[in-house]
Amino acid sequence: MATPSLFTDPPHLEFRPTHSYCLDCRRILKVQKTHTRMVSTLHVGRFQATEVVLACPMCKCTYRSEQLGQLAPPGANFGYDVLVYAGQALWLRCRNEEEVVAELAQKNVRISPREVSLLANKFIVYLAIAHPRRIPQITAQMYGRGGYMCHLDATCEGRDPLLMSSIDSLSQIVLGNVKLPAEDEKHIVPFLQHIKETFGIPLALVHDMGRGILKAVAKVFPDVPDFICHFHFLRDIGKDLLAKPYDMIRSRLSAQQISSKLRYRAKQLKEQLEQHPDTMEALRASVEQHRPLPATALAELPVLNAYTLIRWALGGKAEGHGYGFPFDRPHLAFAGRIHRLHADLERLAQTQLRGQWQDNRPYFKALVDLKPVMKDGALWKAVAELQERIPVFERLRHALRIASASGPNGLNDEGCKTPIRTIEQRVTKFRAWLTRRKDYEQNPAAQNMIAQLDKYWKKVFADPITVQTPSGTMQIQPQRTNNILEQFFRRLKRVHRRRTGNGSSSRMLRTMLAQTPLVQNLQNPTYMKILFGENATLEEVFA
(Lines give C-alpha, C1' and ligand atoms only; values in the text may rest on other atoms or scores of the structure.)
Protein backbone atom coordinates (compact mmCIF):
# COMPACT_ATOMS: atom_id res chain seq x y z
CA MET A 1 0.00 0.00 0.00
CA ALA A 2 1.34 3.42 -0.98
CA THR A 3 2.28 5.97 1.66
CA PRO A 4 -0.39 8.71 1.90
CA SER A 5 0.56 11.78 -0.13
CA LEU A 6 1.16 15.07 1.67
CA PHE A 7 -0.96 16.94 -0.89
CA THR A 8 -4.09 16.07 -2.82
CA ASP A 9 -2.83 18.02 -5.82
CA PRO A 10 0.80 18.88 -6.57
CA PRO A 11 1.54 22.21 -4.86
CA HIS A 12 3.11 25.12 -6.69
CA LEU A 13 6.35 26.39 -5.14
CA GLU A 14 8.47 29.31 -6.22
CA PHE A 15 12.25 29.25 -5.80
CA ARG A 16 14.45 32.35 -5.87
CA PRO A 17 18.17 32.92 -5.32
CA THR A 18 19.20 33.82 -1.77
CA HIS A 19 20.86 37.04 -2.88
CA SER A 20 19.05 39.99 -4.47
CA TYR A 21 22.27 41.84 -5.34
CA CYS A 22 25.43 40.87 -7.26
CA LEU A 23 28.21 39.54 -5.04
CA ASP A 24 30.86 41.08 -7.34
CA CYS A 25 29.61 44.57 -8.16
CA ARG A 26 26.82 44.87 -5.56
CA ARG A 27 24.23 45.92 -8.16
CA ILE A 28 20.58 44.93 -7.81
CA LEU A 29 19.85 41.70 -9.71
CA LYS A 30 17.25 41.64 -12.46
CA VAL A 31 14.99 38.74 -13.46
CA GLN A 32 16.56 36.99 -16.42
CA LYS A 33 13.95 34.25 -16.83
CA THR A 34 11.54 31.98 -15.01
CA HIS A 35 11.20 28.27 -15.63
CA THR A 36 8.46 25.94 -14.37
CA ARG A 37 8.75 22.16 -14.17
CA MET A 38 7.32 19.22 -12.25
CA VAL A 39 9.69 17.77 -9.68
CA SER A 40 9.29 14.56 -7.66
CA THR A 41 11.18 13.90 -4.42
CA LEU A 42 10.79 11.21 -1.77
CA HIS A 43 10.10 13.51 1.16
CA VAL A 44 7.79 16.03 -0.58
CA GLY A 45 6.33 14.02 -3.42
CA ARG A 46 5.37 15.65 -6.70
CA PHE A 47 5.26 19.44 -6.88
CA GLN A 48 5.39 22.22 -9.45
CA ALA A 49 8.57 24.24 -9.14
CA THR A 50 8.91 27.68 -10.62
CA GLU A 51 12.50 28.85 -10.57
CA VAL A 52 13.30 32.54 -10.90
CA VAL A 53 16.76 33.09 -12.36
CA LEU A 54 18.34 36.48 -11.60
CA ALA A 55 21.20 38.15 -13.45
CA CYS A 56 23.46 41.13 -12.88
CA PRO A 57 22.91 43.81 -15.58
CA MET A 58 26.56 44.91 -15.30
CA CYS A 59 28.76 41.78 -15.04
CA LYS A 60 26.15 39.38 -16.49
CA CYS A 61 26.55 36.85 -13.65
CA THR A 62 23.49 34.63 -13.16
CA TYR A 63 22.10 33.43 -9.83
CA ARG A 64 19.86 30.38 -9.33
CA SER A 65 17.96 29.08 -6.34
CA GLU A 66 20.28 27.26 -3.93
CA GLN A 67 17.31 25.60 -2.25
CA LEU A 68 16.00 24.03 -5.48
CA GLY A 69 19.57 23.10 -6.42
CA GLN A 70 19.81 21.04 -3.23
CA LEU A 71 16.61 19.18 -4.10
CA ALA A 72 17.10 18.34 -7.78
CA PRO A 73 19.68 18.74 -10.56
CA PRO A 74 19.16 21.67 -12.97
CA GLY A 75 16.26 20.98 -15.33
CA ALA A 76 15.58 17.54 -13.82
CA ASN A 77 12.15 16.18 -12.94
CA PHE A 78 13.39 13.91 -10.15
CA GLY A 79 15.20 14.92 -6.99
CA TYR A 80 18.61 13.76 -5.89
CA ASP A 81 16.97 11.45 -3.35
CA VAL A 82 15.07 9.62 -6.13
CA LEU A 83 18.26 9.43 -8.19
CA VAL A 84 20.18 7.93 -5.25
CA TYR A 85 17.34 5.54 -4.46
CA ALA A 86 17.23 4.26 -8.05
CA GLY A 87 21.01 3.95 -8.30
CA GLN A 88 21.39 2.06 -5.03
CA ALA A 89 18.42 -0.18 -5.81
CA LEU A 90 19.83 -1.26 -9.17
CA TRP A 91 23.54 -1.41 -8.41
CA LEU A 92 23.62 -2.42 -4.74
CA ARG A 93 20.31 -4.16 -4.05
CA CYS A 94 20.18 -5.96 -7.44
CA ARG A 95 16.65 -4.79 -8.25
CA ASN A 96 15.43 -4.53 -11.82
CA GLU A 97 13.71 -1.46 -13.27
CA GLU A 98 10.16 -2.78 -12.80
CA GLU A 99 10.81 -3.54 -9.13
CA VAL A 100 12.18 -0.04 -8.56
CA VAL A 101 9.12 1.45 -10.28
CA ALA A 102 6.88 -0.52 -7.88
CA GLU A 103 8.93 0.51 -4.84
CA LEU A 104 8.86 4.19 -5.78
CA ALA A 105 5.12 3.98 -6.46
CA GLN A 106 4.73 3.01 -2.80
CA LYS A 107 6.46 6.30 -2.00
CA ASN A 108 4.18 8.31 -4.31
CA VAL A 109 6.82 8.78 -7.00
CA ARG A 110 5.53 8.00 -10.49
CA ILE A 111 8.33 6.93 -12.80
CA SER A 112 8.83 4.68 -15.82
CA PRO A 113 11.35 1.81 -16.13
CA ARG A 114 13.19 3.81 -18.76
CA GLU A 115 13.56 6.74 -16.39
CA VAL A 116 14.79 4.43 -13.64
CA SER A 117 17.51 3.12 -15.97
CA LEU A 118 18.48 6.68 -16.89
CA LEU A 119 18.67 7.72 -13.23
CA ALA A 120 20.84 4.70 -12.46
CA ASN A 121 23.33 5.81 -15.12
CA LYS A 122 23.22 9.38 -13.82
CA PHE A 123 23.97 7.95 -10.39
CA ILE A 124 27.22 6.52 -11.80
CA VAL A 125 28.06 9.85 -13.45
CA TYR A 126 27.62 11.79 -10.19
CA LEU A 127 29.67 9.19 -8.33
CA ALA A 128 32.40 9.40 -10.98
CA ILE A 129 32.48 13.20 -10.49
CA ALA A 130 32.55 12.98 -6.70
CA HIS A 131 35.28 10.30 -6.52
CA PRO A 132 38.19 12.36 -7.96
CA ARG A 133 37.37 15.24 -5.63
CA ARG A 134 38.16 12.98 -2.67
CA ILE A 135 41.43 11.59 -4.05
CA PRO A 136 43.64 13.65 -1.64
CA GLN A 137 41.69 12.26 1.33
CA ILE A 138 41.71 8.71 -0.10
CA THR A 139 45.47 8.92 -0.68
CA ALA A 140 46.06 10.26 2.84
CA GLN A 141 44.01 7.40 4.29
CA MET A 142 45.95 4.77 2.33
CA TYR A 143 49.37 6.18 3.17
CA GLY A 144 48.34 6.48 6.80
CA ARG A 145 48.27 2.67 6.72
CA GLY A 146 51.65 2.47 5.02
CA GLY A 147 50.59 2.64 1.36
CA TYR A 148 48.37 0.71 -0.99
CA MET A 149 48.41 -2.73 -2.58
CA CYS A 150 47.30 -2.40 -6.19
CA HIS A 151 45.22 -5.30 -7.53
CA LEU A 152 44.50 -5.28 -11.27
CA ASP A 153 41.99 -7.33 -13.21
CA ALA A 154 39.75 -7.10 -16.26
CA THR A 155 36.54 -8.74 -17.39
CA CYS A 156 35.16 -9.16 -20.87
CA GLU A 157 32.68 -11.16 -22.94
CA GLY A 158 33.96 -12.49 -26.25
CA ARG A 159 35.42 -9.73 -28.40
CA ASP A 160 33.68 -6.91 -26.57
CA PRO A 161 35.69 -4.16 -24.83
CA LEU A 162 37.33 -5.07 -21.54
CA LEU A 163 36.45 -3.39 -18.26
CA MET A 164 39.65 -3.07 -16.20
CA SER A 165 39.66 -2.04 -12.55
CA SER A 166 42.22 -1.30 -9.89
CA ILE A 167 41.54 -1.76 -6.18
CA ASP A 168 43.58 -1.34 -3.02
CA SER A 169 43.31 -4.63 -1.14
CA LEU A 170 44.27 -3.00 2.18
CA SER A 171 41.51 -0.38 2.29
CA GLN A 172 39.22 -2.30 -0.12
CA ILE A 173 38.73 0.91 -2.14
CA VAL A 174 38.26 0.81 -5.92
CA LEU A 175 40.82 3.31 -7.23
CA GLY A 176 40.07 3.58 -10.92
CA ASN A 177 38.48 1.94 -13.94
CA VAL A 178 38.81 2.05 -17.69
CA LYS A 179 37.39 0.41 -20.79
CA LEU A 180 39.98 -1.06 -23.13
CA PRO A 181 39.62 -2.42 -26.67
CA ALA A 182 42.21 -5.11 -25.88
CA GLU A 183 44.21 -6.39 -22.92
CA ASP A 184 47.60 -5.49 -24.34
CA GLU A 185 50.51 -3.38 -23.19
CA LYS A 186 49.82 -0.24 -25.23
CA HIS A 187 46.29 0.08 -23.86
CA ILE A 188 47.05 -0.86 -20.25
CA VAL A 189 50.09 1.41 -19.81
CA PRO A 190 48.10 4.74 -19.88
CA PHE A 191 45.73 3.37 -17.23
CA LEU A 192 48.62 2.35 -14.96
CA GLN A 193 50.32 5.71 -15.50
CA HIS A 194 47.12 7.44 -14.40
CA ILE A 195 47.01 5.29 -11.24
CA LYS A 196 50.67 6.12 -10.58
CA GLU A 197 50.20 9.88 -11.08
CA THR A 198 47.03 9.93 -8.98
CA PHE A 199 47.89 7.69 -6.03
CA GLY A 200 51.66 7.35 -6.18
CA ILE A 201 53.73 4.17 -6.30
CA PRO A 202 52.05 1.12 -4.69
CA LEU A 203 53.69 -1.21 -2.21
CA ALA A 204 53.13 -4.08 -4.64
CA LEU A 205 50.90 -5.20 -7.49
CA VAL A 206 48.81 -8.36 -7.76
CA HIS A 207 47.24 -9.52 -11.03
CA ASP A 208 46.73 -12.49 -13.32
CA MET A 209 49.23 -13.93 -15.81
CA GLY A 210 48.07 -12.00 -18.88
CA ARG A 211 51.01 -10.99 -21.06
CA GLY A 212 49.64 -7.49 -21.55
CA ILE A 213 49.40 -6.83 -17.81
CA LEU A 214 52.85 -8.32 -17.13
CA LYS A 215 54.50 -6.11 -19.75
CA ALA A 216 52.58 -2.97 -18.75
CA VAL A 217 53.38 -3.40 -15.06
CA ALA A 218 57.07 -3.96 -15.82
CA LYS A 219 57.12 -0.73 -17.86
CA VAL A 220 55.22 1.56 -15.48
CA PHE A 221 56.34 0.08 -12.15
CA PRO A 222 59.77 -1.43 -12.92
CA ASP A 223 61.05 -1.50 -9.33
CA VAL A 224 57.81 -2.37 -7.53
CA PRO A 225 57.25 -5.92 -6.17
CA ASP A 226 55.01 -7.66 -8.65
CA PHE A 227 53.01 -10.81 -7.81
CA ILE A 228 50.61 -13.05 -9.65
CA CYS A 229 47.42 -14.52 -8.23
CA HIS A 230 47.95 -18.09 -6.97
CA PHE A 231 44.56 -19.17 -8.28
CA HIS A 232 45.27 -17.87 -11.80
CA PHE A 233 48.77 -19.37 -11.68
CA LEU A 234 47.51 -22.83 -10.73
CA ARG A 235 44.62 -22.60 -13.19
CA ASP A 236 46.92 -21.71 -16.11
CA ILE A 237 49.37 -24.49 -15.26
CA GLY A 238 46.48 -26.93 -14.97
CA LYS A 239 45.09 -25.89 -18.34
CA ASP A 240 48.49 -26.39 -19.99
CA LEU A 241 48.74 -29.86 -18.44
CA LEU A 242 45.19 -31.14 -18.82
CA ALA A 243 43.54 -29.21 -21.64
CA LYS A 244 44.61 -31.39 -24.59
CA PRO A 245 43.13 -34.73 -23.39
CA TYR A 246 40.18 -32.95 -21.76
CA ASP A 247 39.29 -31.16 -24.99
CA MET A 248 39.45 -34.49 -26.80
CA ILE A 249 37.01 -36.01 -24.29
CA ARG A 250 34.62 -33.10 -24.72
CA SER A 251 34.91 -33.27 -28.49
CA ARG A 252 34.30 -37.03 -28.71
CA LEU A 253 31.32 -36.93 -26.33
CA SER A 254 29.83 -34.13 -28.42
CA ALA A 255 30.45 -36.01 -31.68
CA GLN A 256 28.73 -39.12 -30.31
CA GLN A 257 25.73 -36.99 -29.16
CA ILE A 258 25.52 -39.25 -26.15
CA SER A 259 23.92 -36.60 -23.92
CA SER A 260 21.00 -36.18 -26.33
CA LYS A 261 20.57 -39.93 -26.70
CA LEU A 262 20.49 -40.52 -22.96
CA ARG A 263 18.13 -37.61 -22.30
CA TYR A 264 15.76 -38.92 -24.96
CA ARG A 265 15.94 -42.44 -23.50
CA ALA A 266 15.31 -41.10 -19.99
CA LYS A 267 12.29 -39.15 -21.25
CA GLN A 268 10.77 -42.28 -22.78
CA LEU A 269 11.38 -44.31 -19.63
CA LYS A 270 9.83 -41.60 -17.47
CA GLU A 271 6.69 -41.56 -19.63
CA GLN A 272 6.52 -45.32 -19.21
CA LEU A 273 6.75 -45.04 -15.44
CA GLU A 274 4.08 -42.34 -15.31
CA GLN A 275 1.63 -44.76 -16.92
CA HIS A 276 1.82 -47.00 -13.81
CA PRO A 277 1.47 -44.72 -10.76
CA ASP A 278 0.12 -47.54 -8.57
CA THR A 279 3.14 -49.70 -9.34
CA MET A 280 5.50 -46.82 -8.54
CA GLU A 281 3.75 -46.25 -5.23
CA ALA A 282 4.06 -49.96 -4.39
CA LEU A 283 7.80 -49.81 -5.18
CA ARG A 284 8.26 -46.75 -3.01
CA ALA A 285 6.39 -48.32 -0.08
CA SER A 286 8.40 -51.52 -0.46
CA VAL A 287 11.70 -49.63 -0.21
CA GLU A 288 10.63 -47.40 2.69
CA GLN A 289 9.05 -50.22 4.72
CA HIS A 290 11.65 -52.89 3.84
CA ARG A 291 9.03 -55.25 2.48
CA PRO A 292 9.37 -57.70 -0.44
CA LEU A 293 8.45 -56.27 -3.83
CA PRO A 294 4.94 -57.22 -4.98
CA ALA A 295 4.90 -59.51 -8.01
CA THR A 296 2.97 -56.90 -10.00
CA ALA A 297 5.85 -54.43 -9.64
CA LEU A 298 8.58 -56.70 -11.00
CA ALA A 299 7.70 -55.96 -14.63
CA GLU A 300 8.37 -52.22 -14.16
CA LEU A 301 11.51 -52.58 -12.08
CA PRO A 302 13.88 -52.70 -15.12
CA VAL A 303 12.26 -49.49 -16.41
CA LEU A 304 12.88 -47.80 -13.06
CA ASN A 305 16.43 -49.15 -12.83
CA ALA A 306 17.36 -47.99 -16.33
CA TYR A 307 15.80 -44.56 -15.79
CA THR A 308 17.56 -44.06 -12.45
CA LEU A 309 20.96 -45.12 -13.77
CA ILE A 310 20.70 -42.90 -16.86
CA ARG A 311 19.72 -39.88 -14.75
CA TRP A 312 22.70 -40.60 -12.48
CA ALA A 313 25.03 -40.77 -15.48
CA LEU A 314 23.75 -37.46 -16.86
CA GLY A 315 24.36 -35.89 -13.46
CA GLY A 316 28.09 -36.28 -14.05
CA LYS A 317 28.00 -33.24 -16.33
CA ALA A 318 27.21 -31.08 -13.31
CA GLU A 319 29.90 -32.55 -11.07
CA GLY A 320 32.32 -30.04 -9.57
CA HIS A 321 32.96 -27.57 -6.76
CA GLY A 322 32.38 -24.30 -8.60
CA TYR A 323 36.02 -23.63 -9.56
CA GLY A 324 35.75 -24.37 -13.28
CA PHE A 325 38.29 -26.24 -15.38
CA PRO A 326 40.92 -27.56 -14.63
CA PHE A 327 39.87 -27.86 -10.98
CA ASP A 328 36.47 -29.27 -11.99
CA ARG A 329 36.36 -31.78 -14.83
CA PRO A 330 32.67 -32.55 -15.48
CA HIS A 331 33.18 -34.11 -18.91
CA LEU A 332 35.64 -36.59 -17.45
CA ALA A 333 33.16 -37.36 -14.68
CA PHE A 334 30.44 -37.85 -17.31
CA ALA A 335 32.65 -40.23 -19.30
CA GLY A 336 33.39 -42.18 -16.13
CA ARG A 337 29.71 -42.50 -15.32
CA ILE A 338 28.98 -43.64 -18.87
CA HIS A 339 31.53 -46.42 -18.44
CA ARG A 340 29.98 -47.41 -15.11
CA LEU A 341 26.46 -47.19 -16.58
CA HIS A 342 27.42 -49.57 -19.38
CA ALA A 343 28.87 -52.10 -16.93
CA ASP A 344 25.79 -51.94 -14.65
CA LEU A 345 23.37 -52.31 -17.56
CA GLU A 346 25.23 -55.32 -18.93
CA ARG A 347 25.08 -56.99 -15.53
CA LEU A 348 21.39 -56.21 -15.03
CA ALA A 349 20.56 -57.43 -18.53
CA GLN A 350 21.63 -60.92 -17.46
CA THR A 351 19.03 -60.92 -14.65
CA GLN A 352 15.50 -62.06 -15.38
CA LEU A 353 13.23 -61.25 -12.44
CA ARG A 354 10.20 -63.07 -13.87
CA GLY A 355 12.07 -65.45 -16.21
CA GLN A 356 11.16 -63.33 -19.24
CA TRP A 357 13.92 -61.62 -21.21
CA GLN A 358 11.36 -59.17 -22.64
CA ASP A 359 11.27 -57.42 -19.23
CA ASN A 360 14.87 -56.31 -19.81
CA ARG A 361 14.15 -54.32 -22.96
CA PRO A 362 14.95 -51.00 -21.20
CA TYR A 363 18.46 -52.31 -20.51
CA PHE A 364 18.98 -53.52 -24.08
CA LYS A 365 17.80 -50.23 -25.60
CA ALA A 366 20.08 -48.21 -23.36
CA LEU A 367 22.99 -50.49 -24.23
CA VAL A 368 22.33 -49.85 -27.90
CA ASP A 369 22.56 -46.10 -27.20
CA LEU A 370 25.90 -46.62 -25.44
CA LYS A 371 27.48 -48.98 -27.99
CA PRO A 372 29.06 -46.31 -30.30
CA VAL A 373 30.56 -44.32 -27.45
CA MET A 374 31.94 -47.43 -25.77
CA LYS A 375 33.73 -48.31 -29.02
CA ASP A 376 35.23 -44.81 -29.42
CA GLY A 377 38.95 -45.56 -28.99
CA ALA A 378 40.00 -41.89 -29.14
CA LEU A 379 37.68 -41.05 -26.25
CA TRP A 380 38.92 -43.74 -23.89
CA LYS A 381 42.55 -43.11 -24.82
CA ALA A 382 42.05 -39.45 -23.83
CA VAL A 383 40.34 -40.54 -20.60
CA ALA A 384 43.31 -42.74 -19.71
CA GLU A 385 45.79 -39.95 -20.51
CA LEU A 386 43.88 -37.41 -18.46
CA GLN A 387 43.57 -39.75 -15.49
CA GLU A 388 47.33 -40.24 -15.63
CA ARG A 389 48.01 -36.49 -15.56
CA ILE A 390 45.46 -35.49 -12.91
CA PRO A 391 47.47 -36.77 -9.89
CA VAL A 392 50.35 -34.47 -10.86
CA PHE A 393 48.07 -31.44 -10.98
CA GLU A 394 46.30 -32.40 -7.75
CA ARG A 395 49.64 -32.77 -6.00
CA LEU A 396 50.63 -29.21 -6.96
CA ARG A 397 47.14 -28.02 -5.98
CA HIS A 398 47.62 -29.56 -2.54
CA ALA A 399 51.09 -28.03 -2.23
CA LEU A 400 49.80 -24.53 -3.03
CA ARG A 401 46.94 -25.00 -0.55
CA ILE A 402 44.37 -23.28 -2.73
CA ALA A 403 41.07 -24.22 -4.41
CA SER A 404 40.66 -27.21 -2.12
CA ALA A 405 38.36 -29.92 -3.50
CA SER A 406 36.62 -30.00 -0.12
CA GLY A 407 36.38 -26.21 0.17
CA PRO A 408 32.90 -24.64 0.29
CA ASN A 409 33.77 -21.27 -1.28
CA GLY A 410 34.20 -22.15 -4.96
CA LEU A 411 35.66 -19.23 -6.91
CA ASN A 412 35.64 -17.12 -3.74
CA ASP A 413 38.32 -19.34 -2.21
CA GLU A 414 41.20 -17.29 -0.81
CA GLY A 415 43.45 -20.26 -0.05
CA CYS A 416 44.43 -21.74 3.28
CA LYS A 417 45.89 -19.35 5.87
CA THR A 418 49.28 -21.01 5.66
CA PRO A 419 52.56 -19.03 5.94
CA ILE A 420 53.91 -18.29 2.48
CA ARG A 421 57.29 -19.84 3.30
CA THR A 422 55.58 -23.11 4.27
CA ILE A 423 53.76 -23.12 0.92
CA GLU A 424 57.03 -22.42 -0.88
CA GLN A 425 58.66 -25.38 0.87
CA ARG A 426 55.77 -27.63 -0.15
CA VAL A 427 56.02 -26.54 -3.79
CA THR A 428 59.80 -27.05 -3.65
CA LYS A 429 59.20 -30.66 -2.57
CA PHE A 430 56.66 -31.07 -5.37
CA ARG A 431 59.20 -29.79 -7.90
CA ALA A 432 61.81 -32.25 -6.66
CA TRP A 433 59.30 -35.13 -6.79
CA LEU A 434 58.25 -34.37 -10.36
CA THR A 435 61.76 -33.89 -11.76
CA ARG A 436 62.93 -37.18 -10.18
CA ARG A 437 60.24 -39.25 -11.85
CA LYS A 438 61.57 -41.83 -14.29
CA ASP A 439 59.38 -40.56 -17.11
CA TYR A 440 60.27 -36.88 -16.62
CA GLU A 441 62.80 -36.71 -19.49
CA GLN A 442 60.21 -38.15 -21.91
CA ASN A 443 57.31 -36.09 -20.56
CA PRO A 444 56.99 -32.66 -22.30
CA ALA A 445 53.90 -31.76 -20.26
CA ALA A 446 55.78 -32.22 -16.97
CA GLN A 447 58.77 -30.30 -18.31
CA ASN A 448 56.50 -27.43 -19.33
CA MET A 449 55.00 -27.38 -15.83
CA ILE A 450 58.46 -27.10 -14.25
CA ALA A 451 59.38 -24.34 -16.71
CA GLN A 452 56.28 -22.37 -15.68
CA LEU A 453 57.08 -22.85 -11.99
CA ASP A 454 60.64 -21.62 -12.44
CA LYS A 455 59.60 -18.65 -14.60
CA TYR A 456 57.08 -17.25 -12.12
CA TRP A 457 58.60 -18.48 -8.84
CA LYS A 458 59.51 -15.03 -7.51
CA LYS A 459 56.13 -13.62 -8.54
CA VAL A 460 54.26 -16.39 -6.71
CA PHE A 461 56.05 -16.46 -3.37
CA ALA A 462 55.96 -12.96 -1.94
CA ASP A 463 57.90 -11.94 1.15
CA PRO A 464 56.05 -9.71 3.62
CA ILE A 465 56.56 -6.03 2.82
CA THR A 466 57.90 -3.78 5.59
CA VAL A 467 56.28 -0.34 5.67
CA GLN A 468 56.48 2.75 7.86
CA THR A 469 53.23 4.10 9.31
CA PRO A 470 52.53 6.92 11.77
CA SER A 471 52.15 4.25 14.47
CA GLY A 472 55.46 2.56 13.63
CA THR A 473 56.91 -0.18 11.43
CA MET A 474 54.64 -2.97 10.28
CA GLN A 475 54.71 -5.87 7.82
CA ILE A 476 52.07 -6.45 5.15
CA GLN A 477 51.62 -9.78 3.39
CA PRO A 478 50.26 -9.43 -0.16
CA GLN A 479 47.07 -11.38 -0.76
CA ARG A 480 47.52 -14.73 -2.48
CA THR A 481 44.62 -14.26 -4.89
CA ASN A 482 42.97 -11.57 -6.98
CA ASN A 483 39.54 -12.64 -5.74
CA ILE A 484 38.74 -9.18 -4.42
CA LEU A 485 38.17 -8.02 -8.03
CA GLU A 486 36.97 -11.35 -9.41
CA GLN A 487 34.17 -11.40 -6.84
CA PHE A 488 33.11 -7.89 -7.80
CA PHE A 489 32.98 -8.70 -11.52
CA ARG A 490 30.92 -11.83 -10.82
CA ARG A 491 28.55 -9.80 -8.66
CA LEU A 492 28.22 -7.20 -11.44
CA LYS A 493 27.24 -9.92 -13.90
CA ARG A 494 24.77 -11.44 -11.41
CA VAL A 495 23.12 -8.03 -11.05
CA HIS A 496 22.84 -7.82 -14.83
CA ARG A 497 21.33 -11.32 -15.10
CA ARG A 498 18.81 -10.55 -12.39
CA ARG A 499 17.86 -7.22 -13.95
CA THR A 500 17.50 -8.47 -17.51
CA GLY A 501 17.14 -12.26 -17.32
CA ASN A 502 19.91 -12.40 -19.94
CA GLY A 503 22.83 -14.72 -19.17
CA SER A 504 25.15 -12.91 -21.58
CA SER A 505 27.00 -9.85 -20.27
CA SER A 506 28.09 -8.73 -23.73
CA ARG A 507 25.64 -5.85 -24.17
CA MET A 508 26.10 -4.77 -20.55
CA LEU A 509 29.88 -4.44 -20.96
CA ARG A 510 29.47 -2.55 -24.23
CA THR A 511 27.03 0.00 -22.84
CA MET A 512 28.17 0.20 -19.22
CA LEU A 513 29.87 3.39 -18.04
CA ALA A 514 33.53 2.70 -17.28
CA GLN A 515 33.28 4.01 -13.71
CA THR A 516 30.44 1.68 -12.72
CA PRO A 517 32.75 -0.42 -10.44
CA LEU A 518 32.96 2.61 -8.12
CA VAL A 519 29.62 1.52 -6.67
CA GLN A 520 31.58 -1.19 -4.85
CA ASN A 521 33.04 1.58 -2.67
CA LEU A 522 29.58 2.51 -1.39
CA GLN A 523 29.64 -0.64 0.76
CA ASN A 524 32.92 0.44 2.35
CA PRO A 525 32.40 2.48 5.57
CA THR A 526 35.87 4.02 5.34
CA TYR A 527 35.25 5.25 1.81
CA MET A 528 31.79 6.56 2.67
CA LYS A 529 33.22 8.60 5.52
CA ILE A 530 35.76 10.12 3.12
CA LEU A 531 33.16 10.68 0.39
CA PHE A 532 30.67 12.40 2.71
CA GLY A 533 33.19 14.84 4.16
CA GLU A 534 31.05 17.43 5.92
CA ASN A 535 27.87 16.21 4.22
CA ALA A 536 25.36 13.96 5.92
CA THR A 537 23.96 12.08 2.92
CA LEU A 538 24.89 10.96 -0.56
CA GLU A 539 22.24 13.32 -1.92
CA GLU A 540 24.10 16.27 -0.40
CA VAL A 541 27.38 15.04 -1.92
CA PHE A 542 25.82 14.90 -5.39
CA ALA A 543 24.12 18.28 -4.98
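The tour that follows goes from a pair of strands to the cores, then to salt bridges, a surface patch and some details of the backbone.

Before selecting anything, note that this is a predicted model, in which local features need pLDDT of at least 70 and side-chain atom pairs count only at pLDDT 80 or more, while totals for chains, interfaces and linings use all residues. Residues are numbered from 1 along each chain as its sequence is written, and side-chain values use heavy atoms, with hydrogens and water left out.

**Stop 1: a hairpin of strands**

Select residues 30-41, which are strand S2, together with residues 45-55, which are strand S3; helices (H or I, at least four residues) and strands (E, at least two) are DSSP runs, numbered from the N terminus. S2 and S3 pair in the antiparallel sense over 11 bridges, where two strands count as paired if DSSP finds at least two bridges between them. Three residues lie between the two strands, and together S2 and S3 form a hairpin. If you now pick threonine 34, you will find valine 52 of S3 standing opposite.

**Stop 2: the nonpolar cores**

Next, select Phe233, Ile249, Leu370, Leu396, Leu400, Val427 and Leu453, which touch the most other members of the largest nonpolar core, a set of 71 residues. A nonpolar core is a set of buried Ala, Val, Leu, Ile, Met, Phe, Trp, Tyr and Cys residues joined through side-chain atoms within 4.5 Å; buried means under 20% relative accessible area, exposed means over 50%, and partly exposed lies in between (1.4 Å probe, protein chains only). In soluble globular proteins, nonpolar side chains tend to be buried together.

**Stop 3: salt bridges**

The structure holds 19 salt bridges, a salt bridge being a side-chain nitrogen of Lys or Arg within 4 Å of a carboxyl oxygen of Asp or Glu. Side chains of opposite charge can pair when their charged atoms come close.

Select aspartate 376 and arginine 252, whose side chains meet in a salt bridge at 2.9 Å, N to O. Aspartate 376 lies in the loop between helix H13 (361-374) and H14, whereas arginine 252 is in helix H8 (residues 230-256), so the pair ties together parts that are 124 residues apart in sequence. Aspartate 376 counts as buried at 6% relative accessibility, while arginine 252 is partly exposed at 25%.

Then select aspartate 344 and arginine 340, which form a salt bridge at 3.2 Å, N to O. Both of these residues lie in helix H12 (residues 330-349), four residues apart, about one turn of the helix. Is each one buried or exposed? Aspartate 344 counts as buried at 8% relative accessibility, and arginine 340 as partly exposed at 48%.

Finally for this stop, select Arg37, Glu51 and Arg64, which are linked in a network of salt bridges.

**Stop 4: a surface patch**

Select Val125, Ile129 and Leu513, which make a nonpolar surface patch of about 220 Å². Leucine 513 has its place in the loop between helix H18 (506-511) and helix H19 (525-532), and this leucine 513 is partly exposed, with a relative accessible area of 33%. Patches are made of residues with over 30% relative accessible area and no salt bridge, like charges being joined within 9 Å and nonpolar side chains (Val, Leu, Ile, Met, Phe, Trp, Tyr) within 5 Å; accessible areas come from the Shrake-Rupley method with a 1.4 Å probe, and for residues only the protein chains shown count as cover.

**Stop 5: backbone details**

Select phenylalanine 325 and proline 326, which are joined by a cis peptide bond with omega about 10°. Proline 326 lies in the loop between helix H11 (301-314) and H12.

Last, select lysine 60, where phi is near 65°, a positive value in a residue other than glycine. Lysine 60 is found in the loop between S3 and strand S4 (62-63), and lysine 60 counts as exposed at 60% relative accessibility.
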